[in-house]
Amino acid sequence: MRNALLIFGLLCLFSSCVNEQKKALDKVLELEAKLMEVQDASANVDLAKEVLVAYSDFLKVYPDAESKPEILFKSGEVLKGLGQYLQSAQVFNQVHSKFPQSNLAPLAMFQQADCFEALEQRLTAKNTYEEFIERYPNHPYVEQAKGMIQLLYLSDEELINLFQQ
C-alpha cells in the first residue's frame with residue numbers, strides 16, 4: 001500500500017510538471033502568434049524582443065523540453081528578422097549541432113549559411129553550404145545551396161547581368 005501511494009504521488013507530481021510546462025509553452029506560443037501576425041520582426045522590434053525573452057525564459061525553466069529544437073530555431077528566425085545575423089547563426093548552429101536528428105537540423109544549417117552570407121563572411125557561408133550539401137544530399141534545398149555558392153563571389157554588377165539574362 002505504501003509503495004502504491006508513493007507511485008501515485010510521483011505520478012501526480014510528474015503530471016503537474018508536464019501541465020505547468022504545457023501552460024508555459026502555450027503562453028510563449030500565444031506571444032509568438034502575435035509576432036506572426038506582424039509577419040516582419042523588424043516592423044515590431046519590441047514585440048520581437050519580447051518573444052525572444054519568452055523563448056529564453058521558457059528554455060531556462062525547461063532546459064530539457066521536447067520542443068527545445070523548435071524554440072531555438074524560432075529564436076534564430078526572429079534574430080535574423082531583427083538583422084542580428086551573428087546571434088542568429090549561433091542559434092541555428094545550436095539546432096543542427098545539438099539536435100542533429102531534429103527535422104529542423106538541415107534547415108538550421110542552411111539558415112546559418114545564409115546568416116554568414118548576410119554578414120559578408122563568404123568563405124564561412126560557402127563552407128557551411130558545402131557541409132549542408134554533404135550532410136543532407138537529398139534535401140530539397142541542395143540545388144539552392146549549390147546556386148548560392150556560385151553567387152557568393154559575384155559582384156553586384158555581375159549579379160545584375162546574370163539576372164537580366
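Axes are lines fitted to C-alpha atoms, for helices over the stretch in contact, and the angles between their N-to-C directions run from 0 to 180 degrees. Two packed helices are described by the angle between their axes and by the distance between those axes. The structure considered here is a predicted model, in which local features need pLDDT of at least 70 and side-chain atom pairs count only at pLDDT 80 or more, while totals for chains, interfaces and linings use all residues. Residues are numbered from 1 along each chain as its sequence is written, and side-chain values use heavy atoms, with hydrogens and water left out.

The packing of α6 and α7 is described first. Helices (DSSP runs of H or I, at least four residues) are numbered from the N terminus. The axes of α6 and α7 come within 9 Å and cross at roughly 155 degrees. That makes α6 roughly antiparallel to α7, a term applied to angles over 145 degrees, whereas angles under 35 count as roughly parallel, 65 to 115 as roughly perpendicular and the rest as oblique. The crossing of α6 past α7 is left-handed, a description used if the near helix is turned anticlockwise from the far one by less than a right angle. Contact is defined as heavy atoms within 4.5 Å. On the α6 side, Lys126, Tyr129, Glu130, Phe132 and Ile133 meet Val142, Ala145, Lys146, Met148 and Ile149 of α7.

The two sides of α7 were then examined by accessibility. A residue is buried under 20% relative accessible area, exposed over 50% and partly exposed in between (1.4 Å probe, protein chains only). In α7, the buried residues include Val142, Ala145, Met148 and Ile149. Seen down the axis of α7, its buried residues fall within an arc of 115 degrees, so they line one face of the helix; the arc is that of the directions from the helix axis to the C-beta atoms. The cover over these buried residues includes α5 and α6. The face of α7 turned away from the buried side carries the exposed residues Glu143 and Gln150.

Salt bridges (a side-chain nitrogen of Lys or Arg within 4 Å of a carboxyl oxygen of Asp or Glu) were identified next. By this rule, the count comes to 4 salt bridges. One of them joins the side chains of aspartate 114 and lysine 80, at 2.5 Å from N to O. Aspartate 114 lies in helix α5 and lysine 80 in helix α3 (residues 68-81), so this pair ties together parts that are 34 residues apart in sequence. Aspartate 114 is partly exposed, with a relative accessible area of 23%.

Another salt bridge links glutamate 130 to lysine 126, with an N to O distance of 2.9 Å. These residues are 4 residues apart in helix α6 (residues 122-135) and are therefore separated by about one helical turn. Glutamate 130 is partly exposed at 33% relative accessibility, and lysine 126 is partly exposed at 23%. In helix α7 (residues 142-151), glutamate 143 and lysine 146 are 3 residues apart, a separation of about one helical turn. Their side chains meet in a salt bridge of 3.5 Å, N to O. Glutamate 143 is exposed, at 57% relative accessibility, whereas lysine 146 is partly exposed, at 38%.

Serine 88 is placed in helix α4 (residues 85-98) and is buried, with a relative accessible area of 0%. Residues up to four places away in sequence aside, serine 88 touches Gly76, Leu79, Lys80 and Cys115. Glutamine 111 belongs to helix α5 (residues 105-118) and counts as buried at 17% relative accessibility. With neighbours within four places in sequence left aside, glutamine 111 is in contact with Phe73, Lys80 and Phe92.

Two further positions were noted. Most residues other than glycine have a negative phi. Glutamate 120, although not a glycine, has a positive phi of about 60 degrees. Glutamate 120 lies in the loop between α5 and α6 and is exposed, at 59% relative accessibility. Valine 45 is found in helix α2 (residues 45-61) and is partly exposed, with a relative accessible area of 34%. The C-alpha atoms of valine 45 and leucine 82 are separated by 7.2 Å, and these residues are 37 residues apart along the chain.
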